[in-house]
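Here are my notes on this model, written for someone new to reading structures. Please keep the 3D view open as you go through the points.

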Amino acid sequence: MSARHRWGEAERPTRFKTERQCVKCGLVKVTRHENTGGPGETHWTEFWRGLERIECEATPPCQPVEEAAHV
Ligand SMILES: [Zn+2]
């Protein structure tokens, strides 16, 4: 089975941050931008599930939480 996420619409709470949530498992992908257009321009990606940051090198697999929610 494919473990690809289905990202919803991007939200941009600030110009330094873009958030997308997977409609299947609720994982949030955050793209951060710092010093955009300036000398130390950097950007990186973080993954969050609820209030917990997921430490990973690649995108974590999509694990729909529907079943767990009924326990
Ligand atoms: Zn997902």
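1. **Terms first.** Two strands pair if DSSP finds at least two bridges between them. Helices (H or I, at least four residues) and strands (E, at least two) are DSSP runs, numbered from the N terminus. By that rule, strand 1 and strand 2 are joined by 2 bridges and run antiparallel.

2. **What kind of model this is.** This is a predicted model: local features need pLDDT of at least 70, side-chain atom pairs count only at pLDDT 80 or more, and totals for chains, interfaces and linings use all residues. Residues are numbered from 1 along each chain as its sequence is written.

3. **Confidence.** pLDDT is the predictor's confidence in each residue, from 0 to 100. The protein chain averages 88, and 89% of the residues score at least 70. Confidence is highest in strand 2, at 96. It is lowest in helix 1 (residues 66–69), at a mean of 58. Read helix 1 with that value in mind.

4. **The parts list.** The protein chain has 1 helix and 5 strands. From the N terminus on, the order is β-β-β-β-β-α.

5. The 5 strands form an open sheet in the order 1-2-3-4-5, with antiparallel pairing. Strand 1 (11–14) and strand 5 (52–54) stand at the edges. Each has a single partner strand, so one side of each is left without a neighbour in the sheet. Neighbouring strands are turned by 30 degrees against each other on average, direction ignored. For that angle, axes are lines fitted to C-alpha atoms, for helices over the stretch in contact, and angles run from 0 to 180 degrees between N-to-C directions. As background, strands of a sheet pair through backbone hydrogen bonds, either parallel or antiparallel.

6. **Strands 1 and 2.** These two form a hairpin with 2 residues between them. Find T14: it stands opposite K17 in strand 2.

7. **Strands 2 and 3.** Strand 2 (residues 17–21) is joined to strand 3 (residues 28–34) by 5 bridges, and the two run antiparallel. K17 stands opposite R32 in strand 3. T18 stands opposite T31 in strand 3. This pair also forms a hairpin, with 6 residues between the strands. In the turn, G26 has a positive phi of about 85 degrees.

8. **Strands 3 and 4.** How many bridges join strand 3 to strand 4 (residues 42–49)? There are 7, and the strands run antiparallel. V30 stands opposite E46 in strand 4.

9. **Burial.** A residue is buried if 20 or more other C-beta atoms lie within 10 Å of its own, exposed if 12 or fewer, and partly exposed in between; C-beta atoms are placed from the backbone. Of the 71 residues of the protein chain, 4% count as buried.

10. **R6.** This residue lies in the segment before strand 1. Is R6 buried or exposed? R6 counts as exposed, because it has 11 C-beta neighbours inside 10 Å. Contact means that the C-beta atoms of two residues, placed from the backbone, lie within 7 Å. Leaving aside neighbours within four places in sequence, R6 is in contact with C22, V23 and K24. R6 and C25 are 19 residues apart in sequence and 8.7 Å apart in space, C-alpha to C-alpha.

11. **T59.** Look for T59 in the loop between strand 5 and helix 1. T59 counts as partly exposed, because it has 15 C-beta neighbours inside 10 Å. Its C-alpha atom is separated by 8.9 Å from that of K29, 30 residues away along the chain.
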